[in-house]
Amino acid sequence: MNPYILGIWGGQLVGSGRQLIKNIGRKIKMGNRAGFMIWCLIALVLAVDLKATTAETYIVGDGMEWEIPPLGSIAYRTWARSNVFELGDTIVFNWTGTHDVAEVTKENYDNCTGTDAIDLRQTSPANFTLTTNSTRYFICTISNHCDLGQKVTINIGDQWSSASSLAVGALSAILSTIAISFLTFF
């Protein structure tokens with residue numbers, strides 16, 4: 001190549017064939033870095049999306065399980081507020097002794113009434129999959145167990161704190177937009 005030939009590369013005026021080759025090499029290296037960055041962003045977006053859609057299994061009451069709580073209903077209320085339940089998650093009621101678990105309406109929950117239960121399970125473990133985006137109410141219908149605090153409210157989504165599952169979706173959308181911008185720019 002004639003070292004005095006001028007060419008245009010990527011909007012830059014180059015003064016020689018050698019300079020043109022150097023610029024091409026730089027563009028390829030930049031393309032590799034940009035490609036690597038794009039793949040990293042795509043992996044991050046996928047990881048965030050997978051975390052947002054991965055179903056979890058929760059044991060009601062954790063170590064306490066499903067029994068009459070020693071401090072009343074505050075125990076299950078605190079447990080429920082420490083978790084973020086999403087659609088597809090499963091809540092598991094484990095117990096020993098004489099207990100059951102009934103899904104009831106809010107009115108029956110507030111009154112500790114097990115009549116007309118939506119679903120009554122009398123064998124442990126009792127699994128409930130969260131399939132609707134609504135608040136679910138569970139009580140023990142044995143004797144006065146519910147009045148003594150053996151009841152729990154399950155809210156779908158992060159209704160207890162200021163952060164929400166929408167924040168995960170917004171983050172995914174922002175990261176996707178950045179990745180697409182990189183793809184179109186480079």
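This is a working chat about one chain, its fold and a few of its residues.

Biologist: What kind of model is this, and how are the residues numbered?

Modeller: The model is predicted, so local features need pLDDT of at least 70 and side-chain atom pairs count only at pLDDT 80 or more, while totals for chains, interfaces and linings use all residues. Residues are numbered from 1 along each chain as its sequence is written, and side-chain values use heavy atoms, with hydrogens and water left out.

Biologist: How many helices and strands are in the chain?

Modeller: The chain has 4 helices and 9 strands, where helices (H or I, at least four residues) and strands (E, at least two) are DSSP runs numbered from the N terminus. Along the sequence they follow the pattern β-β-α-β-α-β-β-α-β-β-β-β-α.

Biologist: And how much of the chain is buried?

Modeller: Buried residues make up 32% of the 186 residues; buried means under 20% relative accessible area, exposed means over 50%, and partly exposed is in between, with a 1.4 Å probe and protein chains only. The chain exposes about 11400 Å², and carbon and sulfur atoms supply 60% of that, with areas from the Shrake-Rupley method with a 1.4 Å probe and, for residues, only the protein chains shown counting as cover.

Biologist: What share of contacts joins residues at least 24 apart?

Modeller: Among contacts between residues at least 6 apart in sequence, 65% join residues at least 24 apart, a contact being heavy atoms within 4.5 Å.

Biologist: Let's pick a residue. Where is Ile 139, and is it buried or exposed?

Modeller: Ile 139 is in strand β8, which covers residues 136–139, and it counts as buried because its relative accessibility is 0%.

Biologist: Which residues does Ile 139 touch?

Modeller: Leaving out residues up to four places away in sequence, Ile 139 touches several residues, among them Trp 66, Val 101, Tyr 109, Cys 112, Cys 146 and Lys 151. The C-alpha atoms of Ile 139 and Asn 108 are 9.0 Å apart in space, although the two residues are 31 apart in sequence.

Biologist: Switching to rings, how many aromatic pairs are there?

Modeller: The count comes to 8 aromatic pairs, where rings of Phe, Tyr and Trp (its six-membered ring) pair if their centres lie within 6.5 Å, and planes under 30 degrees apart count as stacked, over 60 as edge-to-face and the rest as tilted. The pair of Trp 79 and Phe 85 is tilted, because the ring centres are 5.5 Å apart and the planes are at 50 degrees. Tyr 109 and Tyr 137 also form a tilted pair, at 5.2 Å centre to centre and 50 degrees between the planes. That pair links distant parts of the chain, with Tyr 109 in helix α3 (residues 106–111) and Tyr 137 in strand β8, 28 residues apart.

Biologist: Are those two tyrosines buried or exposed?

Modeller: Tyr 109 counts as buried at 11% relative accessibility, and Tyr 137 is buried with a relative accessible area of 15%.

Biologist: What lies over the face of Tyr 109?

Modeller: Lys 151 lies there, at 4.6 Å from the ring centre; a charge sits over a ring if NZ of Lys or CZ of Arg is within 6 Å of the ring centre and within 35 degrees of the ring normal. The charged end of Arg 121 likewise sits over the ring of Phe 128, 4.2 Å from its centre, and Phe 128 belongs to one aromatic cluster with Trp 66, Tyr 76, Phe 93 and Phe 138.

Biologist: Which side chain makes a polar contact with the side chain of Tyr 109?

Modeller: The side chain of Thr 153 does so, at 3.1 Å; a polar contact is a pair of N or O atoms within 3.5 Å, and within protein one must be able to donate a hydrogen and the other to accept it, while residues adjacent in sequence count only if both atoms are side-chain atoms. Thr 153 is in strand β9 (residues 151–154) and counts as buried at 18% relative accessibility.

Biologist: What about the backbone, where is the peptide bond cis?

Modeller: The bond from Ser 124 to Pro 125 is cis, with omega near -5 degrees, and Pro 125 lies in the loop between β6 (119–121) and β7 (126–129). Most residues other than glycine have a negative phi, and most peptide bonds are trans.

Biologist: Which residue has a positive phi of about 45 degrees?

Modeller: Ser 143 does, although it is not a glycine; Ser 143 is in the loop between β8 and β9 and is exposed, with a relative accessible area of 67%. Glu 65 has phi near 60 degrees, also a positive value, and Glu 65 is partly exposed at 30%.
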